[in-house]
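Please look at the sequence and coordinates first.

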Amino acid sequence: MTEHKYGFLIDASCCIDCRACLVACSVENNVPMKNTRIWIHDTGVMGEYPNLSRYSAPFHCMHCVDPSCVSACTVGALQQSREGIVIYDQDRCIGCRYCMYACPFEVPNFEWQERLALIIKCDLCTARLDEGGQPACAATCPTRAIQFGRRDEMLNLAYKRIQENPQRYVAHVYGEHENGGTSTFYISPVPFEQLGFPVTGQTESPAHFNRLVTHGTPTVAAGVAIGMAGIYLAIKRQAADNAAAAAEHARPEHKAEEE
Ligand code: SF4
Ligand code: SF4
Ligand code: SF4
């Protein structure tokens with residue numbers, strides 16, 4: 001049984017768009033900045049001079065309670081852990097990109113390594129959690145715009161802040177009901193559409209419908225998966241052959257240099 005243990009509370013009224021969270025994610029995952037698992041949504045400049053304002057908030061995988069990406073993945077490359085974390089296994093991925101189309105938050109992105117595609121998605125810094133730490137983005141944020149803790153505590157804190165400062169926030173906790181509920185909650189001084197957040201309008205995850213479709217048509221799903229896996233493995237094999245040929249080609253020169 002899934003526990004949905006962890007959660008984020010992200011407060012757009014505290015974010016100063018310094019992007020330290022992006023740098024922390026890049027360092028933690030050892031990827032260039034363009035491939036971080038987190039990005040910034042913002043309102044752009046609003047109002048008229050001198051009464052100008054601008055709000056921003058970081059965005060990453062919401063770790064949905066019933067993740068549509070997991071149900072769309074026919075080879076089990078995306079799985080939900082017992083603690084509710086949605087994790088990606090690149091060794092199983094066949095590059096079909098169904099998860100991209102299934103996610104209402106437009107989270108899974110692809111990085112291309114040679115001709116192979118791997119998805120880019122937050123894993124909630126699982127390695128850091130295993131050592132009793134916090135996700136790198138939350139640990140780094142200088143204004144505590146990103147808070148991390150137990151999911152139920154983060155949701156309670158979201159409502160507490162809205163109730164204590166109703167003039168500061170819109171009366172909506174984004175992520176509580178979107179896509180059937182998630183583990184990342186947002187509060188904001190402006191409507192979330194203005195921040196550029198996806199408006200899902202769904203209180204039930206499409207994962208439910210995906211399961212109905214895939215369970216109803218197992219042969220089709222299996223056929224698609226096998227077909228995609230065949231194409232992907234052929235590309236993988238070709239890449240390996242090319243690498244081996246290149247190595248073979250280079251070897252005599254090295255030998256000659258050594259002699
Ligand atoms: S936000 Fe998208 S990628 Fe993340 S768990 Fe939900 S459906 Fe999957
Ligand atoms: S939890 Fe970790 S992987 Fe996810 S966005 Fe934050 S730093 Fe990146
Ligand atoms: S580190 Fe904190 S304040 Fe800076 S951009 Fe990220 S969420 Fe905003």
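Q: Is R54 buried, partly exposed or exposed, and at what relative accessibility?
A: This is a predicted model, where local features need pLDDT of at least 70, side-chain atom pairs count only at pLDDT 80 or more, and totals for chains, interfaces and linings use all residues. Residues are numbered from 1 along each chain as its sequence is written, and side-chain values use heavy atoms, with hydrogens and water left out. Buried means under 20% relative accessible area, exposed over 50%, and partly exposed in between (1.4 Å probe, protein chains only). R54 counts as partly exposed, at 40%.

Q: Which side chain meets R54 in a salt bridge at 3.0 Å, N to O?
A: A salt bridge is a side-chain nitrogen of Lys or Arg within 4 Å of a carboxyl oxygen of Asp or Glu. The partner of R54 at 3.0 Å, N to O, is D17. The pair links distant parts of the chain, 37 residues apart, with R54 in the loop between strand 4 (51–53) and strand 5 (56–59). Helices (H or I, at least four residues) and strands (E, at least two) are DSSP runs, numbered from the N terminus. At 17% relative accessibility, the residue that counts as buried is D17.

Q: How many residues apart in sequence are the parts that K5 and E83 tie together?
A: The side chains of K5 and E83 meet in a salt bridge at 3.8 Å, N to O. K5 lies in the segment before strand 1 (6–11) and E83 in the loop between strand 6 (78–80) and strand 7 (86–88), so the parts tied together are apart by 78 residues.

Conventions. Chains lettered and ligands numbered in written order.
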